[in-house]
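Thanks for coming. I will go through one structure, from the overall fold to a few single residues, so please have the viewer open.

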Amino acid sequence: MNFKEEVIALLQAHVDLPVAQLRDLIERPKNAKMGDYAFPTFVLAKQLHKSPVLIAKEIAPKLVSPVFANITAVGPYVNFAINHAVLTADTLKQVLQLQAHYGDQTLGHGNIPIDMSSPNIAKPMSMGHLRSTVIGNSLAKVLAKVGYHPIKINYLGDYGTQFGKLIAAYKHWGNEADVKQDPIMNLFHYYVKFHQEAEKHPELEDEGRLWFKKLEQGDAEATRLWTWFRAVSLEDFKRIYYELDVDFDSYNGEAFFNDKMASVITELKDKGLLHESQGAQVVDMGPDQNPALIVKSDGTSIYLTRDLAAAKWRMQHYDFVKMLYVVGNEQGEHFVQLKAVLKKMGYDWSDNIHHVPFGLITQGGKKLSTRKGNVVFLDQVLHDAVDLALNQIEHKNPDLAGKAQVAHDVGVGAVIFHDLKNDRLDNFDFDLKEVVRFEGDTGPYVQYTNARAQSVLRKAEQLTTASATDYQLTDEWSFQVAKDLADFPQVIVRASEKFEPSIVAKFALNLAKKFNKYYANVKILTDDTELPARLALVKASSLVLNEALRLLGVKAPKEM
RNA sequence: GACCUCGUAGCUCAGCUGGAUAGAGCACUGGUUUCCUAAACCAGGUGUCGUGGGUUCAAGUCUCACCGGGGUCACCA
């Protein structure tokens, strides 16, 4: 049942305003005491030459509906209070009927490639990669729920000058045995050392560029090292993706597009877009903007060149309706350039490309920089989180079966949830204590709520209950839960439109909070006539909590 | 200097398309377990919504300017 439409239908008979405008005006009061829907009468004041307060007073008594418990004038508003029993019964019925499909939408269809995660080869994954990974993963699930077909692309940073530098570093300080023993960390150390040394000996930079040029020209030694570094790195990444339970539809990284750049450059030339500037080939971006660099002065390619080739290739292969780049906010200008160049090339589908930016993670207020060796290793964070979760279980529920698995789900869940619960663009300063907190506004809080609900349902199996089809509940707490449940479909819509997982996370927290209040105030397992209705509420809450957590990529253990 | 982004309680942040006394969590104090998992619940209180104009019946929300934090400013990605 759509209560808002019901409000509109009622008002229509007594108010001289078009339906579309009514729909716009009707709002949900922030304060629940004011009712569930409100109609502000200000707009009618001029039309009727009366005070809004008087208008509200006149309209309210004329409106009668079984759906609303009462309709009253409060100041210049007409407030509608939903009949609790109707909303509760209606919502529970829907959730239990649709199960996990509750909230599904058909907002669109077609492929949506999501460029996400994209770690750089030979560097450990950091907290920064976590953001892109979990936001992208969640968006994929949300977009699938509203009808689209997401394609998760891990655009590996497996090419570029940095590999020339890495090879140069390996040649100076590396050896095969060390790399075999601990690939990522040792390669990483070479890389950091390179940047430290390069500050004293700038000629190293040239050496790095030279190796990259060799790599791009197919030099055997360069290719051998690159291939090896890439393989061992990818192996390591996949281990972490397994921990996070994230998978990809494609690992086509930058190198994959290496042989696809020439045609883009030719095309840019043919379309008269390419100009020479300071020895490099660029596309002019207008008076106030930097030109878009396509070919560097030493003749090698650059990020943008590869991204252009990648975008074209993806359009040809996926025929996408939208494409998302889940990449840090600091790269905003790059995507402005990418879109602009594609547009100049005559590709209108450039408009369907969206940069989904996110805020920076800092430590002690400073930017984390891989180059400077100032990083927070994701591996370590996940490890610590799981350890702490296990500690917690030993303390609170030592007899729990499958502790290790639950600790993993809770620990990793805490980290993921922490990353998703706030607006994407908020920066945050990394603080392990904060990330792995288990109380308050956290993932484990939501998980715990669900585990409680599950526990109730398990115990309920022992009671013989008459099945009911009409879920009549009249207490205030169950109504608050039901109201949140009823909001879920709109939450999905908003999250998918704004590419914002935090909307789902916030919803899950609110629902969990309402459910815990219900749980604390109402004894559920009492064998009376309302028992089936109460169990329906518990079941529906658990279903929706599970679904919300799933959309965030967070596990929902049945016990914890 | 230009552009992007953020600026709400001691701290971390909500506040959907402008609307009625601006809300959570953390931290702090106290309380709740013969009863469904106390990772919970209940009670305690603080705000020049960065500043100043503008639009509007109505601005934390829209607009402009300024201030402050972060980011970026072609041959890294």
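Helices here are DSSP runs of H or I with at least four residues, strands are runs of E with at least two, and both are numbered from the N terminus. Counted that way, chain A has 21 helices and 13 strands. This is a predicted model, in which local features need pLDDT of at least 70 and side-chain atom pairs count only at pLDDT 80 or more, while totals for chains, interfaces and linings use all residues. Residues are numbered from 1 along each chain as its sequence is written, chains are lettered from A and ligands numbered from 1 in the order in which they are written, and side-chain values use heavy atoms, with hydrogens and water left out.

Dimensions next. The C-alpha trace of chain A spans about 85 × 65 × 40 Å along its principal axes. Of the 560 residues in chain A, 53% are buried, where buried means under 20% relative accessible area, exposed over 50%, and partly exposed in between, with a 1.4 Å probe and protein chains only. Contact means heavy atoms within 4.5 Å. Among contacts in chain A with a separation of 6 or more, 73% are between residues 24 or more positions apart.

Now the RNA. A residue is near a strand or molecule if one of its heavy atoms lies within 4 Å of it. There are 70 residues around RNA strand B, and Tyr77, Glu254, Tyr448, Ser455 and Tyr519 come nearest. By class, they divide into 26 nonpolar, 17 polar and 27 charged. The classes are as follows: Ala, Val, Leu, Ile, Met, Phe, Trp, Tyr, Cys and Pro are nonpolar, Asp, Glu, Lys and Arg are charged, and the others, Gly among them, are polar.

Which helix gives the most to this surface? H18 does, with seven residues; H18 covers 443–460. Other elements that supply at least two residues include strand S3 (77–82), helix H7 (161–173) and helix H20 (501–521).

Asparagine 290 sits in the loop between strand S7 (280–283) and strand S8 (292–295). Leaving out residues up to four places away in sequence, asparagine 290 touches Met285, Glu333 and Gln337. Asparagine 290 and glutamine 337 are 47 residues apart along the chain, with 9.2 Å between their C-alpha atoms.

On to pockets. On a 1 Å grid over the protein atoms alone, a cavity is a set of points where a 1.4 Å probe fits but cannot get out, and a pocket is an open set with protein on both sides within 12 Å along at least five of seven lines; lining residues have an atom within 4 Å of a point. Grid points are joined across faces, edges and corners, and a volume is the space filled by probe spheres set on the points.

The largest pocket has a volume of about 1600 Å³. Its lining has 49 residues, with Asn120, Lys123, Tyr303, Glu330 and Gln331 closest to the centre. That lining holds 18 nonpolar, 19 polar and twelve charged residues.

The second largest pocket holds about 1000 Å³ of space. It is lined by 37 residues, and Arg28, Lys483, Ala486, Asp487 and Gln490 lie nearest its centre. H19 gives the most to that lining, with nine residues.

Aspartate 36 lies in the loop between helix H2 (19–25) and strand S1 (37–40). Aspartate 36 counts as buried because its relative accessibility is 6%. Its side chain reaches the backbone nitrogen of isoleucine 82 at 2.7 Å. Residues touched by aspartate 36 include Arg28 and Lys483, both also among those nearest the centre of the second largest pocket.

Glutamate 547 lies in helix H21 (residues 531–552) and is buried, with a relative accessible area of 6%. Its side chain makes polar contacts with those of lysine 145 at 2.9 Å and arginine 550 at 2.8 Å.

Note on methods:
Polar contact = N/O pair within 3.5 Å; in protein donor to acceptor, adjacent residues only side chain to side chain.
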